[in-house]
Amino acid sequence: MTKHPSMPAVSFDNLAIKYGADDIINALVRFVAKITNPQSSRQQIAMAGMQIHLPMTSVRVFHRICILNPTHHEYSDMLNLLDAVHIRPTRVDSRGRTTAGRFNTVLVDIGSGLTSDISDLRVAQVRVVFSLKDHHCERLFGKLHTKVATHLAYVQWFSKFTVMPISQHRLYKLKRCYIRDADTNYRVAEVIPVNKIRCSIQLFPQFGSGTAPRQWTPDNVLEECKTFYANPFYK
């Protein structure tokens, strides 16, 4: 991570509008409840989160993560590869030209972190990377604040990997995860420590038997497409 944030203060409202972090407040209070109540069930954590009041209205935001990944490729003379994850909203330059936002997909370690088994990994799209000020962190986590990761990420989950990939091409089929509230579907999201992110991963859109829809572009295909394939040869 860079020493200084890309944006020193972004309000929760702007995180929802510009970064697509629609559920950032609820996800953050659930994260706090999970850290402070480690033995609680998911339902108990949700109830505890409802009692937490966030002492801030904005956070420091970072637009890039750099990950040093070891490579064991027989043809590589490099011991490590620098992997970059980009997380930035749409922006307009001084000449009025628009640059589309970029929110990369990553592999997240959901297991012990000691193995590379596919069941311990899950794909997510990173919408925001942020950090909390020390006094806010101490107020939220109490004596546990020194054990909380310095940088956090708000991610939106894709479905878990199946036990085996599809036999024809050895790729894994993935879809976004949703929860339904009234008549609206919301993407399943969570706040996680940035150090749980293993590496970036490229998803391939499922085109089907016909041609790709005309409205798909490199900038919006992650939003428009419903089904993707993940490359299992990420290591």
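**Figure 1. Overall size of the protein in the predicted model.** The structure shown is a predicted model rather than an experimental one. Taken along the principal axes, the box that the C-alpha atoms fill is roughly 50 × 50 × 45 Å.

**Figure 2. Helices, strands and contacts within the chain.** The protein contains 5 helices and 17 strands.

**Figure 3. The hairpin of β12 and β13.** Strand β12, which covers residues 178-181, and strand β13, which covers residues 184-187, run antiparallel and are joined by 4 bridges. Within this pairing, I179 stands opposite Y186 of β13. The two strands, β12 and β13, form a hairpin with 2 residues between them, and A182, which lies in the turn, has a positive phi of about 60°.

**Figure 4. Buried residues and the accessible surface.** Of the 235 residues in the protein, 38% are buried. The accessible surface comes to about 14800 Å², and 51% of this area belongs to carbon and sulfur atoms.

**Figure 5. Charged side chains.** The protein carries 30 positive and 18 negative side chains, and the centres of these two sets lie 1 Å apart.

Definitions and conventions: Residues are numbered from 1 along each chain as its sequence is written. This is a predicted model: local features need pLDDT of at least 70, side-chain atom pairs count only at pLDDT 80 or more; totals for chains, interfaces and linings use all residues. Side-chain values use heavy atoms; hydrogens and water are left out. Buried means under 20% relative accessible area, exposed over 50%, partly exposed in between (1.4 Å probe, protein chains only). Accessible areas come from the Shrake-Rupley method with a 1.4 Å probe; for residues, only the protein chains shown count as cover. Lys and Arg count as positive and Asp and Glu as negative; His and the chain ends are not counted. The place of a charge is taken as NZ of Lys, CZ of Arg, CG of Asp or CD of Glu. Two strands pair if DSSP finds at least two bridges between them.
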